[in-house]
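Here are my notes on this model, point by point. Please read them with the structure open.

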Amino acid sequence: MKKSTLFSILTIFLLIPATLYFGSHIKGRWYYLTSTLVIIEIMLPFFASFESRKPQSRELVTLAVMAALATASRVAFAFIPYFKAITAVIMITGIAFGPQAGFLTGAISAFASNFFFSQGPWTPWQMFAYGFAGFWAGLVFYGRQKWCRPWLLGVFGFLSILLIVGPLLDCCTVFTVLSKLTWANALVIFGRGVPVNLIHGLGCGVTLMVLTKPLLYKLNRIQKKYGMMQKEEGNL
Amino acid sequence: MSQDSFSRCHPAVNFLYFVTVIGFGVVIQHPAYAIAGFLGASLYYLLLKGRQGLSFIGSMAGMLVLITLLNPLINTSGEHILFRLFGRPYTLEAMAYGAALGVIFALTMIWFGCYSEVLTSDKFTALFGNLIPALSLLLVMVLRLIPSFTRKTKQIIVARSAIGKGADATESRKDQIKSGISIVSALTDWALEGSIVTADSMRARGYGCAKRTNFHIYCFRKSDAFLVGLIALLAALVLALGGTEAGFTPYFYCDYVTLGFPAYCALLLVPSIMYLREAIVWNNLKFET
């Protein structure tokens, strides 16, 4: 068995349950610490498999460029309030290069952009939420050219943000500010996040609708032209 | 950029310290510990940032008040009912709990503010470069590319407005979005073509042929070992001596403060004391000459 596979299995079946068990027995406020540790542990297998694959230079550079593009794209939309293209670019990366590339791009761009703003208690949550957006988009659309219709992508982006990515980001708030963790209390916080998530989702949906076609065309072209993100022959 | 004496320590010391204080900070809800943590974090933050830091701490204090007032709306248990709002009790205990949560929230944010100042990206990659070589290389590349792409985006915007295609705040939403799309796709083309050059250059220089070596300027000195020992000892004392438990709703209780509390305070003050000691020594030297 590959070392990274073994590591993933150990993490998921031993480390996470152990964290949950011991974490809930901490005397004091365990919600934030335990949940954040679990979130980090969920990301570990992705990172481990990337490391053990010994990625080639082209793959590495492409991921770096996509992650940086996702962060830098906000300058292009500076005039439009709340319009964030970052999740849309991450999703497009997942669609073009597959779920794993999407996850890494999302997680790295969240982490890197926080060096320019500020790291905070939200960093692991943001890494996971953005990574998941790329992973999820890749899972659904990667290798399915026919599905990539603008309206379908738009609806997909909007719903993904509203139902998955946004609530994941809100989870961080739930675990930091709630005094008593019950479903009713958590729903209050999630409910307060809905307007923000709506705007974020609309921005992402619209961007996906109009940006996917030109961007996918370019990514596919560069893949064809230079053989990027394909298996490199030997170690040339 | 001048650095204070704690920031000049080995990154491992910085990382260990922040993991410890933030870990204790988010878990312990004993009021004395929380307030001490808040003060300790604020002191170091102010020493690092000077007068500019005040506005951040002020906004965190605002959040504290907000959380204090909002918590009783969500959590309704408690013995002392102050008044009823829409038929739901608004209790003193829940308000106290909210205050404690607010303090914990604020101290976490302030510690993270210090973390951002002290543990810069170069230190992070120096610390984890051996453990996760591919990921930290990826991170370094992204950190370099973000400013470069931002500059290029601005160039594209200026170039477009020079040929009359610029979309500023006066244009309609639709035109702004269209213009943004064109900019992003121009940027993508440029970036991807450039990335080929980088990748080929990396391959030509032998990336991936052997284990990556890395250079960094941090060496682990005796004083670093001492600090690691001190942090570990103080953390162990806090854990072992206990007295950190407290509960708020439905009724308030908290442990008697033990000797763990001074240990916790000492832990909180480590970077500030290092900072002040350096300042005093420097001052004395200035007046001697």
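1. In chain A, the C-alpha centres of domain 1 and domain 2 lie 23 Å apart. Domain 1 covers 1-54 and domain 2 covers 56-226. These bounds come from an automatic or database domain assignment.

2. The model is predicted: local features need pLDDT of at least 70, side-chain atom pairs count only at pLDDT 80 or more, and totals for chains, interfaces and linings use all residues. Residues are numbered from 1 along each chain as its sequence is written, with chains lettered from A and ligands numbered from 1 in the order in which they are written.

3. The two domains of chain A touch: 10 residues of domain 1 contact 13 residues of domain 2 (C-beta atoms, placed from the backbone, within 7 Å). The domain 1 side has eight nonpolar, two polar and no charged residues. Here Ala, Val, Leu, Ile, Met, Phe, Trp, Tyr, Cys and Pro count as nonpolar, Asp, Glu, Lys and Arg as charged, and the others, Gly among them, as polar.

4. Between chains, 58 residues of chain A contact 61 of chain B. On the chain A side, α3(A) gives the largest share, 16 residues. (Helices are DSSP runs of H or I, at least four residues; strands are runs of E, at least two; both are numbered from the N terminus.) By class, that side has 37 nonpolar, 14 polar and seven charged residues.

5. In chain B, β1 (81-85) and β2 (88-91) run antiparallel, joined by four bridges. Pairing takes at least two DSSP bridges. Phe83(B) has Tyr90(B) as its bridge partner.

6. On confidence, the complex has an ipTM of 0.87 and a pTM of 0.87 from the predictor.
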